[in-house]
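Dear colleague,

Please find below the structure that I am handing over to you.

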Amino acid sequence: MTVDTNQQITACVEFSNIFLHPLLDESQGVSNQANRREQAMLRTQAEKMCAQCPLQAQCLTDAVTKFDVSGFVAGTTKRQRQEIRARLGVNLADDDFDSYAGVTSGRQFDRAEIHRLRMANPTEPLSAIAARVGCSVSTVKRHLRRIEREGLPTRTNESRTVTPEEVMAVAADVVNGTRRSAAA
Ligand code: SF4
């Protein structure tokens, strides 16, 4: 990923309270109408922030082709990214559970997410990354050291290379399809 070292902090770090909200985690069921309304509001806010982020195309491409991270990333949910991969013919190897950094407040986070955030926010203090993924600064340091030592495993099926433009075009279709289904 190309990184502008003069960039501002990304919205997903600055507003981690929105991006990490449990209602944006698809693995949690949404039980009532009030929660569904709040979920829709949070998703709209996060989508707008990602749409204005200069890193969106590369962030989404990485999240589709390299890192099977959880949560809301680059204007998409985990389920939407699975559909984008299916349409593009991109296969990621099964999650390497050894790469999980731990469990905090019932939420799993993985090393790939720490790496992705570090690349997107190279000038930010590690405490901002730690706040985003919900772990301690020492955990972030430990995993960044390990990434540096070993290199981050790429879990992409290298036989299929896609461009950020392809990913963005398919993502727009998938996200619009989700909106149409929700409105029906
Ligand atoms: S596009 Fe990616 S880097 Fe930018 S705010 Fe959204 S999740 Fe963060």
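**Salt bridges**

A network of salt bridges links Glu83, Arg87 and Asp173. The term salt bridge is used here for a side-chain nitrogen of Lys or Arg within 4 Å of a carboxyl oxygen of Asp or Glu. Please note that the model is predicted: local features need pLDDT of at least 70 and side-chain atom pairs count only at pLDDT 80 or more, while totals for chains, interfaces and linings use all residues. Residues are numbered from 1 along each chain as its sequence is written, and side-chain values use heavy atoms, with hydrogens and water left out.

Searching the whole structure gives four salt bridges. In one of them, Arg87 and Asp173 meet through their side chains at 2.7 Å, N to O. This pair connects distant parts of the chain, with Arg87 in helix α5 (residues 78-88) and Asp173 in helix α9, 86 residues apart. Helices are DSSP runs (H or I, at least four residues), numbered from the N terminus. Arg87 is partly exposed at 44% relative accessibility, and Asp173 is likewise partly exposed at 39%. Buried stands for under 20% relative accessible area, exposed for over 50%, and partly exposed for values in between (1.4 Å probe, protein chains only).

A salt bridge also joins Glu47 to Arg179, whose closest N and O atoms are 3.0 Å apart. Glu47 belongs to helix α3 (residues 33-51) and Arg179 to helix α9 (residues 164-183), so this pair ties together parts that are 132 residues apart in sequence. Glu47 is buried at 17% relative accessible area, whereas Arg179 is partly exposed at 44%.

Asp62 and Lys66 form a further salt bridge (3.6 Å, N to O). Here Asp62 is buried, with a relative accessible area of 2%, and Lys66 is partly exposed, with 32%.

Helix α6 (residues 111-120) is largely enclosed by the rest of the structure, because eight of its 10 residues are buried. Among these buried residues are Glu113, His115 and Arg116.

Yours sincerely

Key
Helix = DSSP H or I, 4+ residues; strand = E, 2+ residues; numbered from the N terminus.
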